[in-house]
Amino acid sequence: MNFTKKWTSFGGKTKTRKKQRKRSQRYQCKRPMNSTMFQYTAADRYAEAFAKTFTTVLLGIIVNCFNGMFVFTFFKSSVFYNDPRYILYIHMVINDMLLVFFSVSLIVMSYARQKVPLPFCVSLLIISSTTHKNTPLTLAGMAVERYIAICRPLHHHQICTVRRTYILISLIWGVGVIPVLADLILLSVVRPSSVFTTSGLCSSTNVYNTPYHEEQSKITHGIYTSVVWVILVFTYCRVLIAARRASTDKSSAKKAQSTILLHGIQLLLSVMSNITPVIDKIYAHVVPTLRSNISFFNYLLTNLLPRLLSPLIYGVRDKKIVKYMKGFLSCRLFNVKVESIKQ
């Protein structure tokens, strides 16, 4: 009896030891599998971040190269220097180039460096936000210039001078920087002064994250967009009425009408970037796992793509710009061929 009791107790202990050994073996087998799975997810994150960064930088370079061709043509041809229409156009192109450069820099910094000093981050946000506001304001100025050229042709050379065009560009930058300065003042009032010595993720949603900033952003976006749309609709209707008059040159009036209509399309493309936060919030609740991908594609469609289409829509239609651009490109190619033949 005692022997059997000892045997059964020993057998119970051996069974429990065997179970513990099996559990430890299973744990040892599962542990490397979990570590490799964690490594794969980390590698996927790095690969995804690299792919997004590479795509953003590549598209930014392509956009700025296309826009740079128009800027090069403008500064190499003195014909455009005295025309307010081309001065405003090239200002919009240079403004879009700055916007692409600084917005792409912010995207790269968000993936490469998570902690950016706040003063440096705020300076980048000021430039990117100001250039973003400048685009619709420049489109409004170009629409007004076309309206004066068609509806007030006798006063066009008196009103639309080169000096006044540069004054208008200065006013556009002054008006565009006002909301950014308001954000900065709100940040210094709401937050303690020590916040300017901190570091963090460089994005407008992370820096200006108070309810006051959200309300201020809604008000400024509404005012800017509504004012520009009113100007475009007014100028388009006035040019449309002028195109139906017999005394007006119908061909030039129709060109101005189509130009202002294209300004409306350009404005619609540039205003699309204001809708991206709303889209991100909607998809954040519906598909939270794909939020980063949706935000990335929204950035490409509403920020980079309009900066490529806007100058091409306006510049390729202009025969003078295309003529001088073809001339410079053909001369460059001819010089390269001659030098290669001499060598």
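Which residues in helix 7 are buried? The model is predicted, so local features need pLDDT of at least 70 and side-chain atom pairs count only at pLDDT 80 or more, while totals for chains, interfaces and linings use all residues. Residues are numbered from 1 along each chain as its sequence is written, and side-chain values use heavy atoms, with hydrogens and water left out.

Helices (DSSP runs of H or I, at least four residues) and strands (runs of E, at least two) are numbered from the N terminus. Buried means under 20% relative accessible area, with exposed over 50% and partly exposed in between, for a 1.4 Å probe and protein chains only. In helix 7 the buried residues are H213, Q216, T220, Y224, T225, V228, L232, T235, V239, A242 and A243. This helix covers residues 211-243, 33 residues in total. From first C-alpha to last it reaches 48 Å, close to the expected 48 Å, where the expected span is 1.5 Å times one less than the number of residues.

A disulfide is a pair of cysteine sulfur atoms within 2.5 Å, and the count by this rule is 1 disulfide. C121 and C202 form it, with their sulfur atoms 2.2 Å apart. The torsion about their S-S bond is about 100°, so the disulfide is right-handed. Because C121 lies in helix 3 (residues 118-151) and C202 in the loop between strand 2 (199-200) and helix 6 (204-207), the pair ties together parts that are 81 residues apart in sequence.

Both partners are buried: C121 has a relative accessible area of 1%, and C202 one of 4%. Two further cysteines are buried, C151 at 17% and C160 at 13%.
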